[in-house]
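Have the model open as you read.

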2 protein chains.
Amino acid sequence: MQNIKASIITIGDELLVGQVIDTNSAWMSQQLNKAGVWVHRRIAVGDVWDDIWNTLDDEKEAADVILITGGLGPTADDITKPLLCKYFGGKMVMHEETLAHITYLFEHVFKRPMPLLERNRKQAEVPDVCTVLRNGVGTAPGMLFEKENKIFVSMPGVPYEMKHIMQVHVLPLLKNRFDLAHIEHRTLMTMGIGESFLAERIKDFEEALPSNIKLAYLPNFGMVRLRLTARGTREEVQQELDELFEALKARLTDVIVIDEDISFEVLLGRLLKETNKTVSTAESCTGGYIAHLITSIPGSSVYFKGSVVSYDNSVKKNVLNVTEETLTTVGAVSEDTVKQMIAGVLNVMRTDYAVAVSGIMGPDGGTEEKPVGTVWVAVGNNKSTVTRKFHFRFDREKNIQITAMNALYLLCTFIRENS
Amino acid sequence: MQNIKASIITIGDELLVGQVIDTNSAWMSQQLNKAGVWVHRRIAVGDVWDDIWNTLDDEKEAADVILITGGLGPTADDITKPLLCKYFGGKMVMHEETLAHITYLFEHVFKRPMPLLERNRKQAEVPDVCTVLRNGVGTAPGMLFEKENKIFVSMPGVPYEMKHIMQVHVLPLLKNRFDLAHIEHRTLMTMGIGESFLAERIKDFEEALPSNIKLAYLPNFGMVRLRLTARGTREEVQQELDELFEALKARLTDVIVIDEDISFEVLLGRLLKETNKTVSTAESCTGGYIAHLITSIPGSSVYFKGSVVSYDNSVKKNVLNVTEETLTTVGAVSEDTVKQMIAGVLNVMRTDYAVAVSGIMGPDGGTEEKPVGTVWVAVGNNKSTVTRKFHFRFDREKNIQITAMNALYLLCTFIRENS
């Protein structure tokens with residue numbers, strides 16, 4: 001078994017001016033981990049010759065596999081390819097197969113009326129010291145280099161194209177080339193207990209962990225995820241990890257809300273499919289975000305019928321039948337309102353379950369009585385409704401996210417208890 | 001004027017197993033850029049002593065300012081603080097002011113019934129060689145170290161707390177300490193032209209750029225953003241950049257859709273507020289994502305009334321009055337359906353404008369006639385409706401995003417042309 005270390009280098013000024021959030025690295029890390037490759041460092045550098053060169057030098061020392069994304073476009077700010085050519089001591093040659101592929105893409109997929117430009121043709125040029133990794137879904141090919149027993153792969157930064165090259169070429173190549181370790185994770189999510197109190201409760205468990213198993217705490221949104229990570233051969237890892245995970249779960253039964261690394265929207269989908277039931281949402285302050293999370297799951301059309309986003313009070317009244325009296329006396333952010341929203345949306349959407357939220361997300365709109373972060377959530381069916389009030393203390397974006405997460409959690413709990 | 005380089009080091013295994021997407025670095029980069037500090041590299045390392053230590057060594061050589069986030073929690077996997085203490089040759093001491101602050105937070109903000117644990121008290125310990133940067137919104141204090149004329153700052157990884165410490169302490173300190181360069185960007189967004197054809201059209205413009213101004217191409221979602229970045233003194237930078245930006249715009253009038261670095265939802269809000277009009281959405285395949293984007297903007301309640309997410313055909317019929325005949329003959333993904341959805345949602349929500357979408361986001365649900373990625377979008381008011389058909393070729397997540405972006409773009413265009 002070989003312990004193979006990888007470094008990920010992402011290239012592009014857009015990463016260093018903060019114009020783009022790097023989602024590629026997280027995805028690549030996940031895939032490498034699944035394959036048994038430990039990601040050692042991730043580095044983002046600009047489109048600057050010396051910075052890229054020095055980073056290649058550094059990572060060559062530290063890792064066995066160096067995966068590079070970005071800087072392969074047809075424009076002048078993209079300097080990765082000539083740099084790699086020089087770094088590995090090659091010269092640029094036309095790769096006819098890639099040129100044919102690019103020509104095909106322009107004619108039949110992009111359907112561009114114009115002929116290939118010189119700069120498009122140039123995308124088919126590669127250093128003669130690399131192995132071309134065909135990019136089935138884009139114009140910039142992947143390139144594989146080997147130097148001093150280290151593997152370097154350069155891929156485009158477009159997520160869709162990078163993923164294609166990783167799946168078709170890079171991951172199979174790594175599995176073939178190395179006797180990779182098996183890396184496996186077990187994750188559970190807790191709610192209602194702070195990170196430090198959680199750590200205190202499982203202190204002896206943590207101290208007794210064998211050296212090949214690590215425990216990590218990931219606090220977010222008022223919840224803490226606990227992750228056990230093991231590395232070894234598949235057989236020894238799985239049994240050991242399963243036993244430890246069961247032991248951990250047994251000690252935290254009162255605070256565990258999910259014992260897998262899945263989101264509440266995935267859990268919701270499972271619960272509804274198992275029982276053949278449907279759901280709808282009535283959203284004020286979350287503005288459709290709960291519906292978006294639910295429908296981000298493939299196949300959600302089986303159990304999700306729809307949503308009324310009642311941002312304005314007129315919609316709460318006219319579509320969801322919230323009474324004028326409620327809105328003028330206790331207001332839109334109240335227990336009465338979310339209860340009536342549940343009744344209203346169940347009636348409009350004809351679903352088995354519904355969730356409703358109303359609150360103040362900020363930065364403005366708060367009052368002394370109902371400060372920013374005040375949220376009412378209701379979940380229910382035709383027989384009963386459960387409500388809960390929250391006080392979040394974050395910015396608008398995070399208040400929306402944490403409201404949606406708690407609403408989905410309450411909904412899952414309600415379904416479990418009422419089906 | 002000093003050209004100050006920064007490196008950002010993020011610490012945490014969760015970044016290297018891909019369990020968490022790093023949004024901190026992008027935000028920090030933006031803020032540093034605004035302040036005139038060039039971010040040179042961003043590095044993510046695990047909770048591994050040697051890896052952190054070596055990264056500190058590397059970045060100390062390459063940058064003037066090293067900003068570190070993460071690894072400051074109260075649990076055993078968080079090793080940043082003892083490491084920094086050793087790295088800078090200090091010893092741990094109790095920082096009484098921080099302890100008082102933590103005690104206050106637990107009693108009055110978190111409202112924890114339990115007394116402070118030893119591990120909570122430990123969060124108030126800091127190396128005696130650092131300057132404490134008070135964390136007003138959390139328990140882990142920021143720490144400032146100086147060594148060999150380089151500035152190191154350690155902050156918690158919780159985005160909310162990191163942002164607080166950056167804004168209150170770090171950015172003012174950098175502005176005070178250095179005579180910072182002025183870095184400024186101008187961004188425009190184009191649509192309907194590929195990156196290479198765009199580059200060809202402005203080739204001579206790009207080649208004639210002065211050395212302190214860089215042009216970058218950011219293709220995404222079938223659009224290409226062009227960014228001009230200048231660095232110098234405020235006076236020379238602004239005038240030069242404005243002139244070049246105007247020249248660039250003049251050459252691309254037919255393909256520019258926004259001449260600022262703003263999103264379509266921000267543009268939409270401006271257009272509606274200027275004209276005092278309102279909008280609603282009727283969403284099938286985007287499942288509430290367009291409403292979510294619109295309501296992510298503070299103050300959107302002034303112009304956004306609500307949405308009907310009609311995922312199921314019964315909702316299209318019962319709430320939006322799409323006819324049974326349309327749904328059975330041409331189907332839910334059709335021009336007729338989105339036109340009727342517009343009429344329906346305008347009637348239900350009583351807004352001036354509306355946008356409607358219906359399509360197949362995948363991975364399943366496609367047919368030969370209507371493959372995955374087929375989308376109909378309509379935008380309109382009570383007088384007229386404009387429709388458009390798209391064929392996207394991405395995965396579910398990206399199909400949803402690109403549909404929403406195009407829908408918002410069409411909506412903005414419709415409002416501009418009909419107000």
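In this predicted model, A:Ala44 has B:Arg42 as its bridge partner in S2(B). That pairing belongs to strand S2 (residues 38–45) of chain A and strand S2 (residues 38–45) of chain B, which run antiparallel and are joined by 5 bridges.

Stepping back to the whole contact, 82 residues come from chain A and 82 residues from chain B. On the side of chain B that touches chain A, the residues fall into these classes:

| Class, chain B side | Residues |
|---|---|
| Nonpolar | 36 residues |
| Polar | 25 residues |

How are the two chains related?

Now for the helices. Within chain B, the axes of helix H2 (residues 24–35) and helix H7 (residues 159–177) come within 11 Å and cross at roughly 20 degrees. Because angles under 35 degrees count as roughly parallel, H2(B) and H7(B) are roughly parallel to each other. Their crossing is right-handed. H2(B) brings B:Asn24, B:Trp27, B:Met28, B:Gln31 and B:Ala35 to the contact, while H7(B) contributes residues including B:Pro159, B:Met162, B:Met166 and B:Leu171. By class, the residues of this contact divide into 8 nonpolar, 2 polar and 2 charged.

Conventions. Residues are numbered from 1 along each chain as its sequence is written. Chains are lettered from A and ligands numbered from 1 in the order in which they are written. This is a predicted model: local features need pLDDT of at least 70, side-chain atom pairs count only at pLDDT 80 or more; totals for chains, interfaces and linings use all residues. Two residues are in contact if their C-beta atoms, placed from the backbone, lie within 7 Å. Ala, Val, Leu, Ile, Met, Phe, Trp, Tyr, Cys and Pro count as nonpolar, Asp, Glu, Lys and Arg as charged, and the others, Gly among them, as polar. Two strands pair if DSSP finds at least two bridges between them. Helices (H or I, at least four residues) and strands (E, at least two) are DSSP runs, numbered from the N terminus. Axes are lines fitted to C-alpha atoms, for helices over the stretch in contact, and angles run from 0 to 180 degrees between N-to-C directions. Angles under 35 degrees count as roughly parallel, over 145 as roughly antiparallel, 65 to 115 as roughly perpendicular and the rest as oblique. A crossing is left-handed if the near helix is turned anticlockwise from the far one by less than a right angle, and right-handed if clockwise.
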